[in-house]
Amino acid sequence: MTFKEYNFDGLVGLSHHYGGHSFGNVASRSNSAAVSNPREAALQGLAKAKALADAGRENGLWGQGILPPQERPFLPALRGLGFVGSDADIIAQSAQHHPQIFAKCCSAASMWTANAATVSPSLDTQDGRLHFTPANLVAMYHRSIEHETTGNVLKAIFADEGHFAHHEALPQNMLYGDEGAANHTRFYDDISKQGVEFFVYGAEALGDGVKPANFPARQTLEASTIIARSHGLGADKTVFAQQHPDAIDAGVFHNDVIAVGHGNFMMCHEMAFLHPQQTYAELEAALGAKLFVHEVSAEDLPIEDVVSSYLFNSQIIGNAKDGMTIIAPEESAKNARVKAVIDRIIADNGPVNAVRYFDVKQSMQNGGGPACLRLRVLMNDDQVGAIKARVMLDDGLYADLVTWVEKHYRERLVVADMAGAAFYTECCSALDELSKIMQLGHVYDFQK
Ligand code: SUG
């Protein structure tokens, strides 16, 4: 049976704003309190997803899905923090007396679906099912409230237990900090055979090894090993590597900000891993075939440019035979040093032969590039056939989603705009409509 990669992009939520919520994420912090445009954000994300859906339909090489946004403000979180009364009371009290907490409970950060879950295709798992573990995202409070709804959504879409296995998020403790697919890459030589699952962690929580000095290591080795174990991955096909702590301190809060892999190719910066040569060798040994690693030096691209351009948060699509394409953020085209790096990657004899740039500025300003916006799920036709929800992005779904966004989304948003019951009601009625468009059933708390 042949397998295909499906990118599930997160549809940006109605509450997309710049809250400055992520310590260690340079863009989030520097755009704090800027005015956001949720409508533009959602349309930018949809335009990228539609372009890839069209290209994939034409060449038959990949597919494109969509994951819905979450309900915000998230009242279960506010209730858990001691706010009581009617929905309107809870919103008013928290917004008035604890505006920062209120803003965190309004975050639309679930749009970055690379952090939704870790996904292991059925080719790699002991029981032959496709496994999902929603990320607990404990390092940042505003993201730690995502995993339950994420689990509901994944279970609603990938409902068939014969094909799909769903795990609970890991325990809510920094020992087990887990940020999902942003720190997980799968390499393969043949897309329809077992691949190598590569887990990158920021620190070993219980070890004496080096750790970043200033910013949090959001992913622990402990978390990565639990997932490898519970997904039933083969030890000889699993590689763990530590991120360079200095990179985390420079603003590289996830591995996908400094490295990206696809098939038999990886492009990364020399500061990506603590032990780069050992990491490349272990990956190639596990792959049992040639792995093309394009390592970019700090001399060619200082770490500050890595963080500002988000070059390594590109998606890579296609295959080694027909050629791969880098899907880069527009910010990368504007930086001459980055442009030169891309030209060199295309010119060398690796599998990449093209680049396309996309404008996802609304997301970028919160530290989320093209690759943050998608969750990769490798499936065969039977597994795709088992999905009953309307999540595959064809012309019809795209048109319905654009109409839905244009009907419900604001063009200007700051935290104060979300501080009344009206915004909450607006969001719930929009999401209720969306869950019907996407045939998701009841995945939201307000639908209980
Ligand atoms: O977790 N930003 C997200 C960006 C996530 C990017 N994802 C990947 N690299 N895969 C984060 O830091 C900022 C929200 C705010 O400040 O309003 C935020 O959550």
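**Strand pairs and salt bridges in a predicted model**

Q: Which residue in E4 stands opposite Val 119?
A: Phe 132 stands opposite Val 119. The model is predicted.

Q: What makes E3 and E4 a pair of strands?
A: Two strands pair if there are at least two bridges between them. E3 and strand E4 (residues 130-134) are joined by 4 bridges.

Q: Why are E3 and E5 at the edges of their sheet?
A: The strand order is E3-E4-E5, in an open sheet with mixed pairing. Strand E3 (117-120) and strand E5 (164-166) each have a single partner strand, so one side of each lacks a neighbour in the sheet. From one strand to the next, the twist averages 20°.

Q: Which helix packs on this sheet, touching E3, E4 and E5?
A: Helix H7 (residues 147-157) does. Its direction makes about 160° with that of E4.

Q: What makes E1 and E2 a pair?
A: The cut-off is again at least two bridges. Strand E1 (residues 3-10) has 6 bridges to E2, so the two count as paired. They run parallel. In E2, Gly 65 is the bridge partner of Phe 8. Helix H2 (residues 38-59) lies across E1, E2 and E15.

Q: Why is the contact between Arg 57 and Asp 395 called a salt bridge?
A: The nitrogen must lie within 4 Å of the carboxyl oxygen. For Arg 57 and Asp 395 the N to O distance is 3.4 Å, so the pair qualifies. Arg 57 is in helix H2 and Asp 395 in helix H16 (residues 395-408), 338 residues apart.

Q: Is Arg 57 buried, exposed or partly exposed?
A: Buried means under 20% and exposed means over 50%. Arg 57 has a relative accessible area of 46%, so it falls in between: partly exposed. Asp 395, at 47%, is partly exposed as well.

Q: How do you know whether Glu 146 and Arg 143 are buried or exposed?
A: Glu 146 has a relative accessible area of 2%. Arg 143 has 4%. Both values are under 20%, so both residues are buried. Their closest N and O atoms are 2.9 Å apart, in a salt bridge.

Q: What do Glu 426 and Arg 410 tie together?
A: Glu 426 lies in helix H17 (residues 421-437) and Arg 410 in the loop between H16 and H17, so the pair ties together parts 16 residues apart in sequence.

Terms used
Residues numbered from 1 in each chain as written. Predicted model: local features only at pLDDT ≥ 70, side-chain atom pairs only at ≥ 80, totals over all residues. Heavy atoms only, no water. Axes fitted to C-alpha atoms, helices over the stretch in contact; angles between N-to-C directions. Contact = heavy atoms within 4.5 Å. Salt bridge = Lys/Arg side-chain N within 4 Å of Asp/Glu carboxyl O. Buried < 20%, exposed > 50% of the residue type's maximum accessible area, 1.4 Å probe, protein only.
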